[in-house]
Every structure is written in structure tokens, then in C-alpha cells.
Amino acid sequence: MVRGGTIWTGDPAEPTTRSLAAVDGRVIARGAAAESLARDCPRGQVVDLAGGSAVPGLTDAHAHLVGLGSALVEVDLRGARSIEEVVDWVRRGAPPDGWIHGRGWDQNLWPGAAMPTHDPLTAAFPERPVWLRRVDGHAGWANAAALRAADVTAETEVPTGGEILLRDGPSGREPTGVLIDAAMDLIPLLPPPAPELRRRLLLAQDHALARGLVGVHEMGVAPHVDRLLRELAAEGLLKLRMVGYADERWFRRGDGVPDLADRPGPDDRYALQGVKIYVDGALGSRGAALLQPYSDRPGHTGMFQHEPGGLATVVTQAVAHQYQVAAHAIGDAGIRAVLEAMAGARPSADHRLRVEHAQIVDLADIARFAELGAIASMQPTHATSDMPWAEARVGAQRLAGAYAWRRFLDAKVPLAFGSDFPVEEVEPTFGLYSAITRQDPQGNPPGGWLPDQRLTLDEALAAFTRGAAYASRREQWAGTLAPGMLADLTCFTGDIFKMPPLELRTAAIRATIVGGEVVGPK
């Protein structure tokens, strides 16, 4: 029983209620009927909102729980304001021996906003390899020891869809230490041992549950992660509801990939439903594929991650194997390419192509989303993180299609919201705040960035609930609190419908409920 506050159901038949009853993990009654049941069953568990609020369980429709687990144990560089600060944080957070791993640096926050070189890392760690991933995961920064360990030189063959940044050195051209997109694969990284991976996953799960998430769409699942998630689900240790999208390389190898994608059932805690395909890179590292050159790098249009024809081939393979396509496409050229590949694959009418991120879209292609039944799977905090420098990348004219949530909704394109954690923070309240304000944590700029694309709170909640359920084919039993639906709820200590936006951003979680069970915060 949940009662004592405002419960937003997401159900047009009864948008709000004050009480909700559940049995065996399903909603069975609301309002007066729920109160009557509570009186008849006084021993049932009660979550008293005490004037707070609850919504259908919030689901992150694009995330990396494995990456979060690693980020929680590696050196956290998020928010570092200079190269010197990065080096200092690495010194203080480095393990006693072996490789040093970190994540979260962003050159856009530094004076001059230039990509770094290996020199400061090499000076601080002349013998130990250091490998630091950019905040978006689409670029890495190595010191000289890491470059030597990987045998990366100016003559190294660059993989398709990658770039090794070079400079003039004493003996000619040499790597700067920054590798972009596919070139990052040149650095030898081994997955953690199975017990350590299990520990990290459970640590990340607790972190997500404490922040109000009931589910995650896990992007880029590797075979050993798939095995572990199935084990955790079978053991009853997986509390989140997880839908997996296989790593493209695993899917293309076919090594142990199921012949047909899973079809998640209402009680499943994990199902491998689709395949995550990389079309291009990221805007921050200038890897997103654009139709016209970058405004701040003349002649450069980003990078496709496939040879010509390769994207169409893998999309067609996924459709043939009944795997839902979730395509990372950030730039307008990347987005157009995957829409064309999808049209050519002739999928079923209900394939539900997912375009992940869809950050810089040509306005003419929004209608093509609607025609193809494609889903815009987007992350509101990407907009508010990128807004200080996005115009420098693409110019003012292309901003018309930048993080265009309202334009997608107006065109009847389904929206599914997430965070892409650990690229962004896990908190879904950060995403809700960004969606309704398009402002930074200090409330800037006044009125919001590109404010015509702001959403209402109801619309933003729908994208984190009904939209996420639809994107993962779970809308028949998840995403609303109608009778018969799963009793998954995110409960807040305050009434989020009455809070000023800045208070909403940091709204405290009272309870995370999955299948009628309170699973967080611990």
C-alpha cells in the first residue's frame, strides 16, 4: 500500500490518486478502493508518503550499469577544471600499482578548451600506464607508458571510425596521447575477473536504486556481462528490471548470441532484446558525423563507425534475427544514415527502431522518424551539459535541430528518456529538471537554452516511464500505475508537482519499489 501523498499514475483514466494497493507485485486498486483493501488487510506493508509524491517507476532508457560499476571504483575526473587538477586527482586516487584508470575529463571545462597531450601525465607517471576516458566515453587520454604498452605510434594503422591525434615532435610526427572512438580499442583493456565484475554490478545497482530508478536499458552488453546478468536474475539478486542490447561486435561474431532476441515477460529482471550499433562518435570530441563540416574544425565532418555499406548490412542482420536496433547516432549525417539503413532493411511495422541520442538532427528527418515508427531515445542532461559549447561545434543554424524534444513530440515521435550514465550522473531528477528548464544547476541561462524545446513535467515523466516501457516493448505491463500493471514506483519525500525546478533537481527519494517490494534506498 502506498498512500498519503500525490500519486501521478500516468494513466489518463485517473491521472492522480492518493492511495494505491498492490498484491503479488501488481496494482489492484486505487483511491477509495485501495483504502478499503488496506482496512481489510491491516498487516500489509505501507509506504506513507507523508505529503510527498510518487510516480510510476522511473526507468533509464539508455545507460551503462557496467560502466557505472567501473566508474565507482576508478578515479573520478568529472568536473575537473584544468589539466593540472586532473593530474592532481589522478595522483590522489591512483591504486598502489598497475595500470591507472579514470574517467570523466572534459576539455571544454578547461582554459582554452584544447585536447590534452600525454606530457603532464607522463611527467607525473613516467613508468606506470595511465588511461583516462573522456566523460562521454568517446575519447581516451594516455600517457607515454600506456602508448608504449599498446605500441601506438604515428605509423599505427587507424581503425575505421577512429582517430589518433598527432603533433610535430623532435623526431617527426608523434601521438599526442588522445585516441578518439574506434582508436581507443588500441589500448589493451581486460575485463575484471568475474567476482570483481559481480561486485561492481551490485554496487552500481544499489547506486541506481537509491536514486529512484526501477529499471535500466543496458547498452552494449558483452557476452560475459550477459551471462552474469542472467545469473544474478536467477539468484534473485537483480532488483532492477534490465533490458539488454548486445554489443555490436558480439552480435556480428555470433559467438553465443541467441538466434532470436529475448521477448521480455512482465516478471523478467533481465532480457537481451536488441543490439546496440554505433553509427558515429560524439559531439564533444568532434566524432559525431555531420552533413556539413564542424564550425570549429573546418573540413572535418566527424567519423562513421562502419565502412561504406557496413551499417546497412548489420541493420539488416539485426532485423532478420528479430533483434531490436538501438543505433547510437548523434550527428545529422549519422542520424540520416541509420534512418536510410532501416528503411532499406524493410523491418516489421512494429520494429521500433531506436535512435540513441539524436542530438543534432536535420529538421527534414524528424518526419522520417514518424514515418518509420522510430523512437527518439534521448538524454535531457546531454543538452544542459553541451549547451556552453554546442553552438561553437555546429553553428547557430543547426541548433534548430539540437536536442529537439518538443519538435519530436509535436511530430508524434515517441520519446524515451535516460541519462547515458556514467557519461552523466545517474539521478533521474537531473534529467527531469533539464527537460523542463534547459538550464544548468544554477538556473542559467535565464529562461533556458533554446527554450522552445522545453517540456512540461508530465511530458518529461512520461518519457521516463511510458516512453521507456514502449521503447523496450513492456508497455502492456509497465510505465503506468493502472490496475493490473506492475507495482513499480519511485516515491519522493516532497511533492515534486509543487516544487520549484531547482528543488525538483535534488528531490530526495523516499522509496524505490519494484514489483511491490521496497528495494531502496538502503
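**Close-up views of a predicted model**

**View 1. Asp-247 has its place in strand 14.** In this predicted model, strand 14 covers residues 241–247, and Asp-247 belongs to that strand. Is Asp-247 buried or exposed? Asp-247 has a relative accessible area of 17%, and because a residue under 20% counts as buried, Asp-247 is described as buried. When its neighbours within four places in sequence are left aside, the residues in contact with Asp-247 are Gly-220, Val-221, Ala-222 and Lys-276.

**View 2. The largest cavity holds about 200 Å³ of space.** Rolling a probe the size of a water molecule over the atoms shows where empty space is left. Two or more lining residues come from each of strand 13 (213–221), strand 14 (241–247) and helix 17 (466–471), and strand 13, with four residues, gives the most. Sorted by class, the lining of the largest cavity consists of eleven nonpolar, eight polar and three charged residues.

**View 3. The second largest cavity has a volume of about 30 Å³.** The residues that line this second cavity are Asp-60, Pro-380, Thr-381, Gly-418, Ser-419, Glu-427, Pro-428, Gly-431 and Phe-464. Which elements give two or more residues to this lining? They are helix 12, which covers residues 380–386, and helix 15, which covers residues 428–437. By class, the lining of the second largest cavity divides into three nonpolar, four polar and two charged residues.

**View 4. Helix 6 passes helix 7 in a right-handed crossing.** Two packed helices are described by the angle between their axes and the distance between the axes. For helix 6 (residues 194–210) and helix 7 (residues 223–234), the axes come within 11 Å and cross at roughly 65°. On the side of helix 6, the contact is made by Leu-197, Arg-198, Leu-201 and Leu-202, while helix 7 takes part through His-224, Val-225, Leu-228, Leu-229, Glu-231 and Leu-232. Taken by class, the contact of helix 6 with helix 7 has seven nonpolar residues, together with one polar and two charged residues.

Technical notes: Residues numbered from 1 in each chain as written. Predicted model: local features only at pLDDT ≥ 70, side-chain atom pairs only at ≥ 80, totals over all residues. Heavy atoms only, no water. 1 Å grid on protein atoms, 1.4 Å probe; cavity = no way out; pocket = protein on both sides within 12 Å on 5 of 7 lines; lining within 4 Å. Points joined across faces, edges and corners; volume = space filled by probe spheres on them. Nonpolar A, V, L, I, M, F, W, Y, C, P; charged D, E, K, R; others polar. Buried < 20%, exposed > 50% of the residue type's maximum accessible area, 1.4 Å probe, protein only. Contact = heavy atoms within 4.5 Å. Axes fitted to C-alpha atoms, helices over the stretch in contact; angles between N-to-C directions. Left-handed = near helix turned anticlockwise from the far one by under 90°.
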